[in-house]
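Please look over the structure shown below and keep it in view while reading the report that follows.

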Amino acid sequence: MENIFKLEQLTHLVLAQYHRWYQVYEVPFTENTILNQKDILSDDVEISSQNGTTKGKEGLENRLKVFTGWQNAHHVQNSTVTLLEDGNLSLEADILYQNIRPDKSKFSYTLHYSTLLQKKENNLPIFTKLILQPTGIVEDFKFEEAYSENRVKSFMHYWLYLMECPDANKFKELVDDNFLLNLSSGETISDFESFKNWIISNASKLKTSTHQYKNLEISNQNNTEIKVKVDFEWKGITIDNKKMIAETHHQWILLNNTENRFAKMKEMKVFAIKPFLIVDDF
């Protein structure tokens, strides 16, 4: 059976990487944050902007030095992912960029991103080409940090992809050593072996599934903990070809170490909004 949710699932993968792209610019540079940036780029990546074109990710450290001490915020306004005929992926997106430099000068403008990503077997895709085109200047603005939202969205999209295309061991990177999941069924999970069994059990009942999020709220209480509230609309096809829908409300506490590729789930509470329901069609 054709996976009717394939593009939606791949979109999660692309957005997990796209929201990672900005994070290196939004926190102070370290050896690890730069390595995490290189992790999303192909060896021969081509990056074009109003400053010219660079090829390859070697020397990225030197190219980033110009941004030392800058406050940067990248607010993603929209994005579209396309699965290409060769099996790779493209992303078109528009953002609002805000910047305060060490001399207190302030700049803001809108940008359009056109990107290509190489799909990797059993792994996150990597960028092979990025074209950044300024589309407008914003004269008056209030600087608002975007790191928290980019951090949460990169985590969320990867988490959802792994829920939809389960690889239980890959969740190890996304859960804290001391985590607690409170499921809508009343079940609690606090060790990784039980978590893996839960993932495997869910996967055994489904042919495919996908999630759409809405009502995302993010509060960054401090530099190491991010609180998230979000609703997920779920669609799935069971092993016996029944089409089902459901909706849940999630409350998360993410622990954030900027040195890691992703934040980690510390606590998750799930509440049923609409119980699982068999439908004739989506």
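## Contacts, helices and salt bridges

Leaving aside the neighbours of A73 within four places in sequence, this residue is in contact with E26, L96, Y97, Q98, F143, E144, E145 and A146. The structure is a predicted model, and every value in this report was computed from it. A73 itself belongs to strand β3, which covers residues 71-83, and with a relative accessibility of 0% it counts as buried. Among its contacts is A146; although A73 and A146 are 73 residues apart along the chain, their C-alpha atoms are separated by 4.9 Å.

Helix α5 is made of the 18 residues 147-164, and at 1.5 Å a residue it should span 26 Å, which agrees with the 26 Å between its end C-alpha atoms. Because 17 of the 18 residues of α5 are buried, this helix is largely enclosed by the rest of the structure.

Which residues of helix α3 are buried? In this helix, formed by residues 31-38, they are T33, I34, N36, Q37 and K38. The cover over the buried residues of α3 includes α1 (6-21), α2 (23-26), β1 (41-49) and α4 (60-64).

### A buried loop residue and an exposed one

N256 is found in the loop between β11 (243-255) and β12, and since its relative accessible area is 6%, it counts as buried. The side chain of N256 is joined to that of Y147 by a polar contact of 3.2 Å. Not counting residues up to four places away in sequence, N256 touches Y147, R151, N223, T224, I226 and A263.

K104 is found in another loop, between β4 (89-100) and β5 (106-120), and at 66% relative accessibility it counts as exposed. The phi angle of K104 is near 75 degrees, a positive value in a residue other than glycine. N215, whose place is in strand β9 (residues 206-222), has a positive phi as well, near 55 degrees.

### Salt bridges

Side chains of opposite charge can pair when their charged atoms come close. A search of the whole structure finds 14 salt bridges, and three of them are set out here.

| Salt bridge | N to O distance |
|---|---|
| E61 and K38 | 2.9 Å |
| K214 and E247 | 3.2 Å |
| D281 and K243 | 3.1 Å |

E61 is partly exposed at 34% relative accessibility, whereas K38 is buried at 12%.

In the salt bridge between K214 and E247, strand β9 holds K214 and strand β11 holds E247, so that the pair links distant parts of the chain, 33 residues apart. K214 counts as partly exposed at 30% relative accessibility, while E247 is buried, with a relative accessible area of 6%.

For the salt bridge between D281 and K243, D281 lies in the segment after β12 and K243 in strand β11, so the pair ties together parts that are 38 residues apart in sequence. D281 is exposed, with a relative accessible area of 53%, and K243 is partly exposed, with 26%. Salt bridges that share partners also join R20, D39, E173 and R261 into one network.

### A nonpolar patch

I4, I245, L277 and F282 make a nonpolar surface patch of about 330 Å². Of these residues, F282 has its place in the segment after β12 (264-279), and at 36% relative accessibility F282 counts as partly exposed.

Definitions and conventions:
Residues numbered from 1 in each chain as written. Predicted model: local features only at pLDDT ≥ 70, side-chain atom pairs only at ≥ 80, totals over all residues. Heavy atoms only, no water. Buried < 20%, exposed > 50% of the residue type's maximum accessible area, 1.4 Å probe, protein only. Helix = DSSP H or I, 4+ residues; strand = E, 2+ residues; numbered from the N terminus. Contact = heavy atoms within 4.5 Å. Patch = residues over 30% accessible without salt bridge, like charges linked within 9 Å, V, L, I, M, F, W, Y side chains within 5 Å. Areas by Shrake-Rupley, 256 points an atom, 1.4 Å probe, with all protein chains shown as cover. Salt bridge = Lys/Arg side-chain N within 4 Å of Asp/Glu carboxyl O. Expected span 1.5 Å × (residues − 1). Polar contact = N/O pair within 3.5 Å; in protein donor to acceptor, adjacent residues only side chain to side chain.
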